[in-house]
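Hello,

Here is the structure I promised to pass on. My notes follow below it.

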Amino acid sequence: MKKYLVLASQVFSKWVTYRFSVLFGILQSFITPAIMIVAISVATPISDIKTSDLYSYYLIISLVYSIIRSDVDTIVFEYADSGEINNFLVKPLSLYKYLFVQEFSKSFITGITILVPLALFQLVIGSFQINIVSIFMSMVAMFMGFVIYFSLSYFVGLWCFWIERFWAIQNIKLVTLQFLGGVVLPYTFFPEQFRFYLSFTPFPYMASWIREVIGGRYELFQYGMAFVWIVIILLILQVFEKIAISKYSATAG
């Protein structure tokens, strides 16, 4: 446990030195929503949602996405390509846990960078009301969403041991998670039956669901589904990671 705390402290030290990288990462999360606002605003309305409501929706989604997103798949590919992954094969250090602490520390810093100034601004204008239950439920949802997003990205990253043109599967992952996660389009634009089936997949619990929780709409069923998917994905990762590492070892040998 101590070694992971040291890693987290190193990430914080790096943030102090390279603060602009955090701000750049936040701005990146606004690119897709900004494009969609412009596109939907000039298009023929296809949903009951008002264009004015999109600004609020995409603002929250962009902030949430900047916190929970992780490009750990790229990191896994770079480690495998450079041979740095060998360090995790000869030392009692879990690659998944190492990268999780590293990425979670970044997300935590991003969250503080966003939420503290936002909360102070709301206090100044007098429209911020503290609701302990809502804050707690939102934090839990945010953490669960991060675990799901990170784990799926990590799963995608492990495919680099089989796929030569890894950039292709990375693009598929990015488009899929953004579209089905509600980052590109609000679920209001999706058919009702499709939304129903989507609720039983891990995708809504990475962004769209978190936005609902922040808005004060939370159900135990959704928390239960998010927890179930975390368990399922982690179990799959345990098996798949061993297969991937053995594939890497056989190739390297």
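What share of the contacts in the chain with a separation of 6 or more comes from residues 24 or more positions apart? It is 80%, where contact means heavy atoms within 4.5 Å.

A word on the source: this is a predicted model, in which local features need pLDDT of at least 70, side-chain atom pairs count only at pLDDT 80 or more, and totals for chains, interfaces and linings use all residues. Residues are numbered from 1 along each chain as its sequence is written, and side-chain values use heavy atoms, with hydrogens and water left out.

The overall picture:
- The chain has 12 helices and zero strands. These are DSSP runs, numbered from the N terminus (helices H or I, at least four residues; strands E, at least two).
- Of the 253 residues, 43% are buried. Buried means under 20% relative accessible area, exposed over 50%, partly exposed in between (1.4 Å probe, protein chains only).

Now two residues.

Leu158 belongs to helix α8 (residues 132–158). Leu158 counts as buried because its relative accessibility is 0%. Leaving out residues up to four places away in sequence, Leu158 touches Val76, Leu237, Phe240, Glu241 and Ala244. Val72 lies 86 residues from Leu158 along the chain, yet their C-alpha atoms are separated by 10.0 Å.

Val228 sits in helix α12 (residues 220–252). Val228 counts as partly exposed because its relative accessibility is 38%.

Best wishes
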